[in-house]
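Visitor: I'm new to this one, could you walk me through it?
Guide: Gladly, let's look at it together.

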Protein chains: 2
Amino acid sequence: MENSDKIGKVDIPKKAIYRLSIYHRCLQKLHDNGVSTVSSTTLAKAAGVKPSQLRKDLAYFGQFGTRGLGYPVEILCSTIWETLGREQLQPVILVGAGNLGSALLRYHGFEKEGFEVVAAFDANPDAARSRGVTLPVFPDSDLETFIAEHSVKLAILCVPVEFAQAVVNRLVAAGIQGVLNFSPIVLEVPAKVTVNNVDLALELEHLSYFIR
Amino acid sequence: MENSDKIGKVDIPKKAIYRLSIYHRCLQKLHDNGVSTVSSTTLAKAAGVKPSQLRKDLAYFGQFGTRGLGYPVEILCSTIWETLGREQLQPVILVGAGNLGSALLRYHGFEKEGFEVVAAFDANPDAARSRGVTLPVFPDSDLETFIAEHSVKLAILCVPVEFAQAVVNRLVAAGIQGVLNFSPIVLEVPAKVTVNNVDLALELEHLSYFIR
DNA sequence: AAGTGTGAAAAGTTTCACAGCG
DNA sequence: CGCTGTGAAACTTTTCACACTT
(Lines give C-alpha, C1' and ligand atoms only; values in the text may rest on other atoms or scores of the structure.)
Protein backbone atom coordinates (compact mmCIF):
# COMPACT_ATOMS: atom_id res chain seq x y z
CA MET A 1 0.00 0.00 0.00
CA GLU A 2 2.13 2.87 1.22
CA ASN A 3 5.40 1.06 1.40
CA SER A 4 6.68 2.17 -1.93
CA ASP A 5 6.78 5.09 -4.25
CA LYS A 6 6.32 5.05 -7.95
CA ILE A 7 8.81 6.92 -10.04
CA GLY A 8 8.04 6.27 -13.64
CA LYS A 9 7.45 2.55 -13.91
CA VAL A 10 9.74 1.41 -11.09
CA ASP A 11 8.55 0.66 -7.61
CA ILE A 12 11.04 1.98 -5.08
CA PRO A 13 10.86 0.50 -1.57
CA LYS A 14 10.45 3.10 1.15
CA LYS A 15 13.30 1.50 3.05
CA ALA A 16 15.59 2.10 0.07
CA ILE A 17 15.03 5.83 0.47
CA TYR A 18 16.05 5.69 4.12
CA ARG A 19 19.18 3.85 3.06
CA LEU A 20 19.87 6.54 0.48
CA SER A 21 20.33 8.98 3.36
CA ILE A 22 22.77 6.61 5.02
CA TYR A 23 24.73 6.13 1.80
CA HIS A 24 24.94 9.88 1.46
CA ARG A 25 26.49 10.24 4.90
CA CYS A 26 29.07 7.57 4.15
CA LEU A 27 29.90 9.14 0.81
CA GLN A 28 30.37 12.54 2.39
CA LYS A 29 32.80 11.04 4.91
CA LEU A 30 34.71 9.31 2.09
CA HIS A 31 34.84 12.57 0.18
CA ASP A 32 36.16 14.41 3.22
CA ASN A 33 38.89 11.79 3.40
CA GLY A 34 39.85 12.46 -0.21
CA VAL A 35 38.49 9.19 -1.62
CA SER A 36 37.27 9.65 -5.18
CA THR A 37 36.03 6.16 -6.07
CA VAL A 38 34.39 3.46 -3.96
CA SER A 39 33.23 -0.09 -4.61
CA SER A 40 29.82 -1.41 -3.59
CA THR A 41 31.56 -3.75 -1.15
CA THR A 42 33.33 -0.93 0.69
CA LEU A 43 30.40 1.48 0.73
CA ALA A 44 28.00 -1.28 1.77
CA LYS A 45 30.19 -2.22 4.70
CA ALA A 46 30.26 1.39 5.86
CA ALA A 47 26.48 1.63 5.56
CA GLY A 48 25.82 -1.70 7.24
CA VAL A 49 24.11 -3.40 4.28
CA LYS A 50 24.96 -6.12 1.77
CA PRO A 51 26.78 -5.05 -1.41
CA SER A 52 23.98 -6.50 -3.53
CA GLN A 53 21.43 -4.37 -1.73
CA LEU A 54 23.47 -1.24 -2.23
CA ARG A 55 23.77 -1.92 -5.95
CA LYS A 56 20.05 -2.66 -6.20
CA ASP A 57 19.15 0.51 -4.30
CA LEU A 58 21.32 2.72 -6.49
CA ALA A 59 20.00 1.02 -9.61
CA TYR A 60 16.49 2.29 -8.75
CA PHE A 61 17.72 5.78 -9.49
CA GLY A 62 20.08 5.24 -12.41
CA GLN A 63 23.46 3.88 -13.42
CA PHE A 64 26.23 5.56 -11.49
CA GLY A 65 29.03 3.03 -11.37
CA THR A 66 31.82 1.96 -13.69
CA ARG A 67 32.26 -1.80 -14.04
CA GLY A 68 35.62 -2.93 -12.80
CA LEU A 69 36.11 0.34 -10.93
CA GLY A 70 33.25 1.32 -8.64
CA TYR A 71 31.24 4.48 -7.97
CA PRO A 72 32.49 8.09 -8.26
CA VAL A 73 32.18 9.40 -4.70
CA GLU A 74 31.54 13.07 -5.39
CA ILE A 75 29.07 12.60 -8.24
CA LEU A 76 27.09 9.91 -6.42
CA CYS A 77 27.05 12.02 -3.28
CA SER A 78 25.56 15.05 -4.97
CA THR A 79 23.17 12.94 -7.05
CA ILE A 80 21.71 11.39 -3.89
CA TRP A 81 21.49 14.84 -2.30
CA GLU A 82 19.41 16.02 -5.25
CA THR A 83 17.34 12.85 -5.32
CA LEU A 84 16.41 13.41 -1.69
CA GLY A 85 15.20 16.89 -2.57
CA ARG A 86 17.85 18.56 -0.46
CA GLU A 87 19.15 20.87 -3.18
CA GLN A 88 17.00 23.74 -2.09
CA LEU A 89 16.96 24.64 1.59
CA GLN A 90 13.65 23.59 3.14
CA PRO A 91 12.21 25.76 5.92
CA VAL A 92 10.81 23.75 8.82
CA ILE A 93 8.49 24.81 11.63
CA LEU A 94 8.15 23.19 15.03
CA VAL A 95 4.70 23.04 16.58
CA GLY A 96 4.39 22.51 20.31
CA ALA A 97 7.39 23.90 22.20
CA GLY A 98 6.65 22.09 25.45
CA ASN A 99 9.07 19.75 27.15
CA LEU A 100 10.14 17.71 24.15
CA GLY A 101 9.68 20.44 21.55
CA SER A 102 11.84 22.97 23.35
CA ALA A 103 14.42 20.26 24.06
CA LEU A 104 14.70 19.56 20.33
CA LEU A 105 15.04 23.26 19.59
CA ARG A 106 17.85 23.68 22.11
CA TYR A 107 19.53 20.61 20.64
CA HIS A 108 19.93 22.18 17.17
CA GLY A 109 20.34 18.74 15.62
CA PHE A 110 18.26 19.56 12.56
CA GLU A 111 20.21 22.73 11.80
CA LYS A 112 23.44 20.75 11.97
CA GLU A 113 22.14 18.54 9.16
CA GLY A 114 21.25 21.52 7.01
CA PHE A 115 17.59 22.06 7.78
CA GLU A 116 16.39 25.55 8.59
CA VAL A 117 14.02 25.58 11.54
CA VAL A 118 12.46 28.99 11.03
CA ALA A 119 9.87 29.33 13.79
CA ALA A 120 8.15 27.60 16.69
CA PHE A 121 4.47 27.69 17.62
CA ASP A 122 2.86 27.07 20.96
CA ALA A 123 -0.44 27.68 22.72
CA ASN A 124 1.61 29.58 25.28
CA PRO A 125 4.56 31.31 23.57
CA ASP A 126 5.82 32.98 26.76
CA ALA A 127 6.14 29.64 28.55
CA ALA A 128 8.07 28.27 25.59
CA ARG A 129 10.45 31.23 25.62
CA SER A 130 11.03 30.71 29.32
CA ARG A 131 12.16 27.17 28.46
CA GLY A 132 15.13 28.68 26.70
CA VAL A 133 13.87 28.70 23.13
CA THR A 134 15.69 31.45 21.27
CA LEU A 135 13.83 30.98 17.97
CA PRO A 136 10.79 33.19 17.35
CA VAL A 137 7.85 31.56 19.16
CA PHE A 138 4.38 32.46 17.90
CA PRO A 139 0.94 31.64 19.25
CA ASP A 140 -0.55 28.68 17.42
CA SER A 141 -3.26 30.93 16.01
CA ASP A 142 -0.60 32.34 13.66
CA LEU A 143 0.11 28.93 12.11
CA GLU A 144 -1.97 29.25 8.98
CA THR A 145 -0.72 32.71 8.07
CA PHE A 146 2.91 31.84 8.65
CA ILE A 147 2.79 28.62 6.63
CA ALA A 148 1.19 30.39 3.72
CA GLU A 149 3.51 33.41 3.81
CA HIS A 150 6.72 31.39 4.07
CA SER A 151 5.64 28.44 1.91
CA VAL A 152 6.55 25.99 4.66
CA LYS A 153 6.09 22.34 3.72
CA LEU A 154 7.72 20.54 6.66
CA ALA A 155 6.58 20.53 10.28
CA ILE A 156 7.88 18.91 13.45
CA LEU A 157 4.93 18.05 15.67
CA CYS A 158 5.48 17.89 19.44
CA VAL A 159 2.08 18.85 20.87
CA PRO A 160 0.46 16.77 23.62
CA VAL A 161 -1.07 13.61 22.18
CA GLU A 162 -4.66 14.73 22.74
CA PHE A 163 -4.18 17.72 20.44
CA ALA A 164 -2.07 16.03 17.78
CA GLN A 165 -4.83 15.06 15.36
CA ALA A 166 -6.53 18.46 15.54
CA VAL A 167 -3.26 20.31 15.00
CA VAL A 168 -2.19 18.10 12.10
CA ASN A 169 -5.54 18.73 10.46
CA ARG A 170 -4.80 22.45 10.59
CA LEU A 171 -1.26 21.96 9.30
CA VAL A 172 -2.49 19.90 6.36
CA ALA A 173 -5.21 22.40 5.54
CA ALA A 174 -2.58 25.16 5.62
CA GLY A 175 -0.38 23.36 3.11
CA ILE A 176 2.07 21.26 5.12
CA GLN A 177 3.14 18.17 3.14
CA GLY A 178 5.47 16.37 5.55
CA VAL A 179 5.12 15.89 9.30
CA LEU A 180 7.69 14.55 11.73
CA ASN A 181 5.39 13.39 14.50
CA PHE A 182 6.60 12.78 18.05
CA SER A 183 3.14 12.04 19.50
CA PRO A 184 2.33 8.42 20.29
CA ILE A 185 -0.73 8.35 18.04
CA VAL A 186 -1.59 7.14 14.55
CA LEU A 187 -2.35 10.35 12.67
CA GLU A 188 -4.90 10.35 9.87
CA VAL A 189 -3.89 12.49 6.92
CA PRO A 190 -4.67 12.61 3.19
CA ALA A 191 -2.50 10.38 0.98
CA LYS A 192 -0.57 13.37 -0.40
CA VAL A 193 0.81 14.12 3.07
CA THR A 194 3.67 12.05 4.51
CA VAL A 195 3.89 11.40 8.24
CA ASN A 196 7.00 10.03 9.92
CA ASN A 197 6.51 8.84 13.46
CA VAL A 198 9.27 9.06 16.05
CA ASP A 199 7.93 7.29 19.09
CA LEU A 200 10.67 7.25 21.72
CA ALA A 201 8.84 5.19 24.32
CA LEU A 202 7.84 2.65 21.68
CA GLU A 203 11.46 2.22 20.63
CA LEU A 204 12.51 1.59 24.20
CA GLU A 205 9.61 -0.83 24.68
CA HIS A 206 10.69 -2.68 21.55
CA LEU A 207 14.15 -3.15 23.09
CA SER A 208 12.49 -4.38 26.27
CA TYR A 209 11.08 -7.31 24.28
CA PHE A 210 14.48 -8.40 23.01
CA ILE A 211 16.40 -8.44 26.29
CA ARG A 212 15.94 -11.77 28.02
CA MET B 1 11.36 -35.30 22.11
CA GLU B 2 9.00 -33.10 20.16
CA ASN B 3 8.10 -29.88 21.88
CA SER B 4 5.46 -27.58 20.47
CA ASP B 5 6.49 -24.92 22.92
CA LYS B 6 8.16 -22.78 20.29
CA ILE B 7 7.92 -19.41 21.95
CA GLY B 8 11.19 -18.48 20.30
CA LYS B 9 11.16 -14.91 19.09
CA VAL B 10 12.53 -16.10 15.79
CA ASP B 11 9.48 -16.53 13.56
CA ILE B 12 7.73 -13.35 14.62
CA PRO B 13 8.18 -10.36 12.30
CA LYS B 14 9.96 -7.48 13.98
CA LYS B 15 7.29 -5.15 12.73
CA ALA B 16 4.67 -7.20 14.54
CA ILE B 17 6.39 -6.45 17.84
CA TYR B 18 6.28 -2.72 17.17
CA ARG B 19 2.58 -3.08 16.43
CA LEU B 20 2.12 -4.93 19.72
CA SER B 21 3.13 -1.75 21.52
CA ILE B 22 0.60 0.20 19.51
CA TYR B 23 -2.15 -2.31 20.25
CA HIS B 24 -1.30 -2.06 23.92
CA ARG B 25 -1.78 1.69 23.89
CA CYS B 26 -5.14 1.38 22.16
CA LEU B 27 -6.28 -1.31 24.58
CA GLN B 28 -5.30 0.82 27.55
CA LYS B 29 -7.37 3.67 26.19
CA LEU B 30 -10.33 1.34 25.63
CA HIS B 31 -9.96 0.03 29.17
CA ASP B 32 -9.88 3.57 30.55
CA ASN B 33 -13.14 4.16 28.70
CA GLY B 34 -14.71 1.15 30.37
CA VAL B 35 -14.77 -1.06 27.26
CA SER B 36 -14.39 -4.72 28.18
CA THR B 37 -14.49 -6.43 24.77
CA VAL B 38 -13.27 -5.32 21.37
CA SER B 39 -13.41 -6.81 17.88
CA SER B 40 -10.41 -7.04 15.58
CA THR B 41 -12.12 -4.58 13.25
CA THR B 42 -12.47 -1.90 15.93
CA LEU B 43 -9.04 -2.35 17.48
CA ALA B 44 -7.39 -2.49 14.06
CA LYS B 45 -8.99 0.78 13.06
CA ALA B 46 -7.70 2.44 16.23
CA ALA B 47 -4.21 1.09 15.59
CA GLY B 48 -4.19 2.00 11.91
CA VAL B 49 -3.84 -1.53 10.53
CA LYS B 50 -6.03 -4.09 8.73
CA PRO B 51 -8.16 -6.41 10.90
CA SER B 52 -6.50 -9.46 9.34
CA GLN B 53 -3.10 -8.15 10.30
CA LEU B 54 -4.16 -7.56 13.87
CA ARG B 55 -5.52 -11.10 14.16
CA LYS B 56 -2.36 -12.54 12.61
CA ASP B 57 -0.14 -10.51 14.94
CA LEU B 58 -2.00 -11.63 18.05
CA ALA B 59 -2.03 -15.22 16.84
CA TYR B 60 1.78 -15.24 16.96
CA PHE B 61 1.51 -15.08 20.73
CA GLY B 62 -1.53 -17.21 21.48
CA GLN B 63 -5.31 -17.38 21.26
CA PHE B 64 -6.89 -14.49 23.07
CA GLY B 65 -10.23 -13.96 21.38
CA THR B 66 -13.65 -15.49 21.59
CA ARG B 67 -15.23 -16.30 18.22
CA GLY B 68 -18.36 -14.37 17.65
CA LEU B 69 -17.46 -11.90 20.38
CA GLY B 70 -13.98 -10.39 20.14
CA TYR B 71 -11.03 -9.86 22.48
CA PRO B 72 -11.18 -9.25 26.24
CA VAL B 73 -9.64 -5.79 26.62
CA GLU B 74 -8.12 -6.10 30.08
CA ILE B 75 -6.68 -9.59 29.65
CA LEU B 76 -5.22 -8.85 26.23
CA CYS B 77 -3.79 -5.58 27.51
CA SER B 78 -1.91 -7.19 30.37
CA THR B 79 -0.85 -10.16 28.25
CA ILE B 80 0.80 -7.85 25.73
CA TRP B 81 2.44 -5.95 28.58
CA GLU B 82 3.98 -9.19 29.82
CA THR B 83 4.92 -10.31 26.33
CA LEU B 84 6.84 -7.08 25.83
CA GLY B 85 8.77 -7.83 28.99
CA ARG B 86 7.37 -4.82 30.82
CA GLU B 87 6.17 -6.71 33.88
CA GLN B 88 9.30 -6.03 35.82
CA LEU B 89 10.55 -2.46 35.88
CA GLN B 90 13.66 -2.15 33.73
CA PRO B 91 16.33 0.30 34.85
CA VAL B 92 17.75 2.39 32.02
CA ILE B 93 20.91 4.46 31.87
CA LEU B 94 21.59 7.39 29.58
CA VAL B 95 25.11 7.81 28.25
CA GLY B 96 26.17 11.18 26.91
CA ALA B 97 24.32 14.03 28.61
CA GLY B 98 25.25 16.67 26.07
CA ASN B 99 22.78 18.73 24.09
CA LEU B 100 20.40 15.94 23.07
CA GLY B 101 20.99 13.68 26.05
CA SER B 102 20.25 16.34 28.63
CA ALA B 103 17.24 17.44 26.58
CA LEU B 104 15.83 13.93 26.75
CA LEU B 105 16.44 13.78 30.48
CA ARG B 106 14.62 17.07 31.09
CA TYR B 107 11.78 15.80 28.89
CA HIS B 108 11.02 12.84 31.17
CA GLY B 109 9.21 11.08 28.30
CA PHE B 110 10.59 7.66 29.19
CA GLU B 111 9.56 7.90 32.82
CA LYS B 112 6.04 8.80 31.74
CA GLU B 113 5.86 5.49 29.89
CA GLY B 114 7.01 3.54 32.91
CA PHE B 115 10.74 3.24 32.35
CA GLU B 116 13.10 4.07 35.18
CA VAL B 117 16.05 6.14 34.01
CA VAL B 118 18.38 5.58 36.95
CA ALA B 119 21.54 7.46 36.06
CA ALA B 120 23.33 9.49 33.42
CA PHE B 121 26.98 9.28 32.39
CA ASP B 122 29.12 11.88 30.73
CA ALA B 123 32.78 12.62 30.13
CA ASN B 124 32.12 15.89 31.94
CA PRO B 125 29.49 15.38 34.67
CA ASP B 126 29.64 18.96 35.91
CA ALA B 127 28.81 20.35 32.49
CA ALA B 128 25.87 17.97 32.27
CA ARG B 129 24.56 19.07 35.66
CA SER B 130 24.81 22.66 34.58
CA ARG B 131 22.52 21.78 31.69
CA GLY B 132 19.78 21.16 34.21
CA VAL B 133 20.05 17.40 34.62
CA THR B 134 18.72 16.54 38.07
CA LEU B 135 19.44 12.81 37.81
CA PRO B 136 22.75 11.56 39.25
CA VAL B 137 25.44 12.22 36.62
CA PHE B 138 28.57 10.08 36.83
CA PRO B 139 31.85 10.24 34.91
CA ASP B 140 31.86 7.71 32.12
CA SER B 141 34.67 5.84 33.84
CA ASP B 142 32.06 4.57 36.32
CA LEU B 143 29.99 2.91 33.56
CA GLU B 144 31.20 -0.65 33.96
CA THR B 145 30.87 -0.73 37.74
CA PHE B 146 27.41 0.80 37.71
CA ILE B 147 26.04 -1.51 35.03
CA ALA B 148 27.31 -4.56 36.89
CA GLU B 149 26.11 -3.42 40.32
CA HIS B 150 22.62 -2.45 39.16
CA SER B 151 22.16 -5.18 36.52
CA VAL B 152 21.29 -2.58 33.90
CA LYS B 153 20.38 -4.04 30.52
CA LEU B 154 19.08 -0.99 28.63
CA ALA B 155 21.03 2.10 27.60
CA ILE B 156 20.15 5.29 25.76
CA LEU B 157 23.19 6.42 23.78
CA CYS B 158 23.57 10.13 23.00
CA VAL B 159 27.33 10.60 22.78
CA PRO B 160 28.91 12.50 19.85
CA VAL B 161 29.00 10.31 16.77
CA GLU B 162 32.80 9.90 16.81
CA PHE B 163 32.68 8.21 20.22
CA ALA B 164 29.54 6.12 19.68
CA GLN B 165 31.20 2.88 18.56
CA ALA B 166 33.83 2.95 21.31
CA VAL B 167 31.22 3.64 23.98
CA VAL B 168 28.85 0.95 22.75
CA ASN B 169 31.74 -1.54 22.83
CA ARG B 170 32.20 -0.76 26.50
CA LEU B 171 28.45 -0.99 27.18
CA VAL B 172 28.22 -4.38 25.51
CA ALA B 173 31.27 -5.69 27.36
CA ALA B 174 29.70 -4.50 30.61
CA GLY B 175 26.49 -6.43 29.95
CA ILE B 176 24.11 -4.04 28.20
CA GLN B 177 21.70 -5.97 25.94
CA GLY B 178 19.61 -3.20 24.35
CA VAL B 179 20.75 0.18 23.04
CA LEU B 180 18.59 3.09 21.93
CA ASN B 181 21.07 4.90 19.70
CA PHE B 182 20.65 8.55 18.73
CA SER B 183 23.97 8.82 16.87
CA PRO B 184 23.86 8.89 13.08
CA ILE B 185 26.10 5.86 12.70
CA VAL B 186 25.65 2.14 12.06
CA LEU B 187 26.86 0.52 15.28
CA GLU B 188 28.49 -2.89 15.19
CA VAL B 189 27.45 -5.15 18.04
CA PRO B 190 27.26 -8.89 18.69
CA ALA B 191 24.04 -10.61 17.56
CA LYS B 192 22.81 -10.99 21.16
CA VAL B 193 22.63 -7.21 21.53
CA THR B 194 19.73 -5.26 20.00
CA VAL B 195 20.26 -1.74 18.71
CA ASN B 196 17.42 0.62 17.85
CA ASN B 197 18.39 3.68 15.90
CA VAL B 198 16.58 6.97 16.26
CA ASP B 199 18.03 9.24 13.64
CA LEU B 200 16.15 12.53 13.74
CA ALA B 201 17.89 14.20 10.82
CA LEU B 202 17.41 11.09 8.69
CA GLU B 203 13.67 11.11 9.39
CA LEU B 204 13.42 14.72 8.33
CA GLU B 205 15.49 14.01 5.22
CA HIS B 206 13.17 11.14 4.37
CA LEU B 207 10.23 13.56 4.47
CA SER B 208 12.15 15.89 2.22
CA TYR B 209 12.08 13.21 -0.48
CA PHE B 210 8.31 12.91 -0.38
CA ILE B 211 7.35 16.57 -0.55
CA ARG B 212 7.20 17.99 -4.03
C1' DA C 1 40.82 -8.68 -13.30
C1' DA C 2 37.68 -6.18 -10.88
C1' DG C 3 33.22 -4.79 -9.98
C1' DT C 4 28.65 -3.13 -11.72
C1' DG C 5 23.80 -4.08 -13.27
C1' DT C 6 20.11 -7.27 -13.27
C1' DG C 7 16.94 -11.19 -13.87
C1' DA C 8 15.58 -14.82 -11.10
C1' DA C 9 15.27 -17.27 -6.68
C1' DA C 10 14.59 -16.89 -1.87
C1' DA C 11 12.93 -14.89 2.13
C1' DG C 12 9.83 -12.16 4.53
C1' DT C 13 5.32 -9.91 5.24
C1' DT C 14 0.58 -8.87 4.35
C1' DT C 15 -3.90 -9.96 2.78
C1' DC C 16 -7.48 -13.11 1.59
C1' DA C 17 -11.02 -16.34 2.36
C1' DC C 18 -13.25 -19.42 4.83
C1' DA C 19 -13.56 -23.16 8.30
C1' DG C 20 -14.83 -23.51 12.93
C1' DC C 21 -16.41 -22.11 17.31
C1' DG C 22 -19.16 -19.64 20.74
C1' DC D 1 -25.15 -15.13 13.16
C1' DG D 2 -20.63 -12.82 14.20
C1' DC D 3 -16.01 -12.92 14.72
C1' DT D 4 -11.68 -15.34 15.53
C1' DG D 5 -7.83 -18.30 13.94
C1' DT D 6 -5.25 -19.91 10.12
C1' DG D 7 -3.55 -22.08 5.78
C1' DA D 8 -2.76 -20.55 1.40
C1' DA D 9 -2.20 -16.86 -1.97
C1' DA D 10 -0.46 -12.42 -3.10
C1' DC D 11 2.72 -9.18 -2.65
C1' DT D 12 7.15 -6.96 -1.18
C1' DT D 13 11.96 -6.86 -0.32
C1' DT D 14 16.39 -9.07 -0.09
C1' DT D 15 19.86 -11.99 -1.73
C1' DC D 16 22.10 -14.65 -5.18
C1' DA D 17 24.64 -15.56 -9.27
C1' DC D 18 26.57 -14.37 -13.29
C1' DA D 19 26.65 -11.93 -17.73
C1' DC D 20 28.80 -7.94 -19.11
C1' DT D 21 31.70 -3.77 -19.22
C1' DT D 22 35.85 -1.10 -18.45
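**Around helix α5 of chain A**

Guide: The buried residues of α5(A) are covered by elements that include β5 (91-95), α6 (109-112), β6 (116-122) and β8 (154-157) of chain A, together with α5 (99-107) and α10 (200-210) of chain B, where contact means heavy atoms within 4.5 Å, and helices (H or I, at least four residues) and strands (E, at least two) are DSSP runs numbered from the N terminus. This is a predicted model, in which local features need pLDDT of at least 70, side-chain atom pairs count only at pLDDT 80 or more, and totals for chains, interfaces and linings use all residues. Residues are numbered from 1 along each chain as its sequence is written, chains are lettered from A and ligands numbered from 1 in the order in which they are written, and side-chain values use heavy atoms, with hydrogens and water left out.

Visitor: How many residues of helix α5 of chain A are buried?
Guide: Seven of its nine residues are buried, meaning under 20% relative accessible area, with exposed over 50% and partly exposed in between (1.4 Å probe, protein chains only). Among them are Leu100(A), Leu104(A) and Tyr107(A).

Visitor: And what comes just after α5(A)?
Guide: His108(A) follows, with a positive phi of about 60°.

Visitor: Switching topic, which residues does Ile156(A) touch?
Guide: Leaving aside residues up to four places away in sequence, Ile156(A) touches several residues, including Leu104(A), Phe110(A), Phe182(A) and, from the other chain letter, Leu204(B).

Visitor: What about domains in chain A?
Guide: The assignment, which is automatic or from a database, gives domain 1 (4-83) and domain 2 (91-205), and 31 Å separate their centres, taken over C-alpha atoms.
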